[in-house]
Amino acid sequence: MKKKHHSYQTRQYMLSKDYEIFHYSDTFIEHVNLHHHDFIEFYFFISGNVTYLTEGKTYSLKPGDIILINSTELHQAIINDHKVPYERIVLWINKSFLGSLSTAETNLAKCFEDPNKEAVVRVSFEMQQNIKSILQKIIAFEHYKGFGSDLLNKAYIIELLVNINMLIYNNNNKLDIDIKKNNLIDQIIHYINSHLDEEITIDKLSEQFYLSKYHLLREFKKYSGTTLHKYIVQKKLIQAKYLILNGLPIISVYEQCGFGDYSNFFRAFKAQYGMTPKQYFELMSKSIS
């Protein structure tokens, strides 16, 4: 079938209940802010001069690199040279859809949700071509409505994720990756993610890790790509969305996310997502039903 590229779009939410796939090739796109999704993202890098930042680590990408992003991870692509075509295939997968494809013996989401998972995976050229071929089949049959249409893309997505999980956990053909990180920042990020139900202040973190506030703020932004305060708020809001969707009364969510009072939580939520917590719940309830 004829090769096609999708027009780049900036929305960070899914229109489909199952999956969406995009084959992008751009010579210039606007700056993409550090962000997260309520779904899982599989990203296959084809070309460009790009570094990828996620959870305090920066990766220098090479063609064929695979990025695995879950719904709680803040991430950002940084385009270093707009003259070089930036080409990639991006697959968005609804978590409940992926759950429906998994079995008791085979959790396809493991490569995304394992606490010790790798964000970026580099594989042999042969494996790169295999992964790219599967992604191209998903694209080719994206709008197919003929015989077997209800099974084909499910089969291709299962094939894709079985291959990736086997690759990661059999530890066969993975190659070394180029990564810039700081062990202290890793520890701080781990601490924040483990204490989202508490009030986390810069003073508290400074004391916890025996750092001056100036050094803490400077180093955190250097490695994470965002300010410490903004990172904490974004992580708390991600947790808040999870609690809202799992039935916790909205009025109680702010307490479980360490916001101190409801008005602070309400303002932060609306500023980040452009809607109130109640509107978010109603919108997501409609998309699930």
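Residues are numbered from 1 along each chain as its sequence is written, and side-chain values use heavy atoms, with hydrogens and water left out. Because the model is predicted, local features need pLDDT of at least 70 and side-chain atom pairs count only at pLDDT 80 or more, while totals for chains, interfaces and linings use all residues.

**View 1. C111 in helix α2.** Helix α2 covers residues 110-113; helices are DSSP runs of H or I with at least four residues, strands are runs of E with at least two, and both are numbered from the N terminus. C111 counts as buried because its relative accessibility is 0% (buried means under 20% relative accessible area, exposed over 50%, partly exposed in between, with a 1.4 Å probe and protein chains only). Leaving out residues up to four places away in sequence, C111 touches L68, K117, I164, N165, I168 and Y169 (contact means heavy atoms within 4.5 Å).

**View 2. T226 in a loop.** Look for T226 between α7 (213-224) and α8 (228-245). With a relative accessible area of 6%, T226 is buried. Beyond neighbours within four places in sequence, T226 is in contact with L34, F220, K221, Y231 and Q234.

**View 3. E41 in strand β2.** The strand spans residues 40-47. Among the residues that E41 touches, not counting those up to four places away in sequence, are Y52, H75, V90 and F112.
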